[in-house]
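Take a moment to look over the chain before reading on. The paragraphs below walk through it step by step.

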Amino acid sequence: MPHVVALYRYPVKGFTPERCEVVTVLDEGRIVGDRVLGIRFANSGVIDDAWSTKHEFVALVNTPGIARLQLRFDHKALGLCISLEGTVLVNEALDETGRKNIAAAIENYVLKLDENPLSSHSDRLPLRLVGDGVTPRYQDNEAGQITLHGRASLAAVGTAVGDNDLSERRFRSNIVIDGLEAWEEQSWVGRKIRIGQVNFEVVMPKTRCLATQANPDSGNRDLPILKTLTHAFSQEKPTFAVAMVTRGAGGQVHVGDKVSLLD
């Protein structure tokens with residue numbers, strides 16, 4: 001029986017995940033505490049609380065070195081601590097001063113990286129920390145789709161790319177399951193499934209970007225994930241994992257919950 005083996009949420013878009021034993025899915029389909037903050041470029045014309053594409057944020061797609069940062073977000077007190085190799089770079093509350101200090105600390109770190117989106121784009125400065133820390137809104141898709149992959153599919157990609165310990169953190173899924181054949185979850189597109197208390201519709205395969213090629217520990221782009229997906233698995237576009245929306249009420253999903261097809 002397919003079942004949940006790992007759950008993740010990402011308090012700050014593009015930064016390190018929190019591994020959870022349980023997540024709460026809202027009726028609208030987003031996970032509580034997921035992508036509630038983002039580090040946005042100054043030249044973005046989007047208002048702070050509005051959704052925009054990942055290309056208007058500091059994120060792994062344009063700044064692989066942020067993978068080296070460790071993040072701890074206090075969801076109750078609304079405080080954010082960011083560290084590098086055990087050294088705290090910034091630890092602030094989400095008030096006006098704290099937001100400026102957090103954005104400045106990220107800016108200083110990013111500008112020192114060899115690969116960064118700021119050095120040749122001064123119009124992107126100063127960075128600004130957006131989001132209220134409560135409302136999940138900065139997922140890659142404006143509809144806030146929840147993502148899922150199977151461990152067997154991860155193993156297949158690892159074998160193809162020559163890394164049998166390939167980290168699933170490269171793919172930034174919310175829900176990871178086991179008990180399927182490789183790529184079986186891709187066959188669920190257009191179907192309804194139930195995980196824990198929540199019914200989902202699987203709406204599309206998840207097209208991947210350069211973020212997957214960043215090592216989640218070192219921040220180096222070290223593996224040709226995109227080329228491997230298209231060439232080794234005959235994909236037209238590099239896809240891994242599936243995107244889902246809720247069908248009905250939200251609820252909780254726990255590690256260990258069974259996953260069942262509804263149609």
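**A walk through the model**

Lys 13 lies over the face of Phe 57, at 5.8 Å from the ring centre. A charge counts as over a ring if NZ of Lys or CZ of Arg is within 6 Å of the ring centre and within 35 degrees of the ring normal.

This is a predicted model, in which local features need pLDDT of at least 70 and side-chain atom pairs count only at pLDDT 80 or more, while totals for chains, interfaces and linings use all residues. Residues are numbered from 1 along each chain as its sequence is written, and side-chain values use heavy atoms, with hydrogens and water left out.

Now step back to the whole chain. The protein chain has three helices and 15 strands. These are DSSP runs, numbered from the N terminus: helices are H or I with at least four residues, strands are E with at least two. A compact globule of 263 residues would have a radius of gyration near 18 Å, and the chain agrees, because its own value is 18 Å. That radius is taken over C-alpha atoms, and the globule rule is 2.2 Å times the number of residues to the power 0.38. Of the 263 residues, 55% are buried. Buried means under 20% relative accessible area, with a 1.4 Å probe and protein chains only.

Helix 3 covers residues 225–232. Its buried residues are Ile 225, Leu 226, Thr 228, Leu 229 and Thr 230. They pack against helix 2 (151–161) and strand 13 (239–246). Just after helix 3, Ser 234 takes a positive phi of about 55 degrees.

Which residues do ring pairs link into a cluster? They are Phe 171, Trp 183, Phe 233 and Phe 240. Rings of Phe, Tyr and Trp (its six-membered ring) pair if their centres lie within 6.5 Å. The whole structure holds four aromatic pairs.

Arg 172 sits in the loop between helix 2 and strand 10 (175–178). Arg 172 is buried yet has no salt bridge. Such a bridge needs a side-chain nitrogen of Lys or Arg within 4 Å of a carboxyl oxygen of Asp or Glu. The nearest side chain of opposite charge, Asp 140, is 7.0 Å away.

Pro 64 is in another loop, between strand 4 (38–40) and strand 5 (69–74). Pro 64 counts as buried because its relative accessibility is 3%. Leaving out residues up to four places away in sequence, Pro 64 touches Glu 115, Ala 214, Gly 219 and Arg 221. Contact here means heavy atoms within 4.5 Å.

Methods
Buried < 20%, exposed > 50% of the residue type's maximum accessible area, 1.4 Å probe, protein only. Lys, Arg positive; Asp, Glu negative; His and termini not counted. Phe/Tyr/Trp six-rings, centres within 6.5 Å; stacked < 30°, edge-to-face > 60°.
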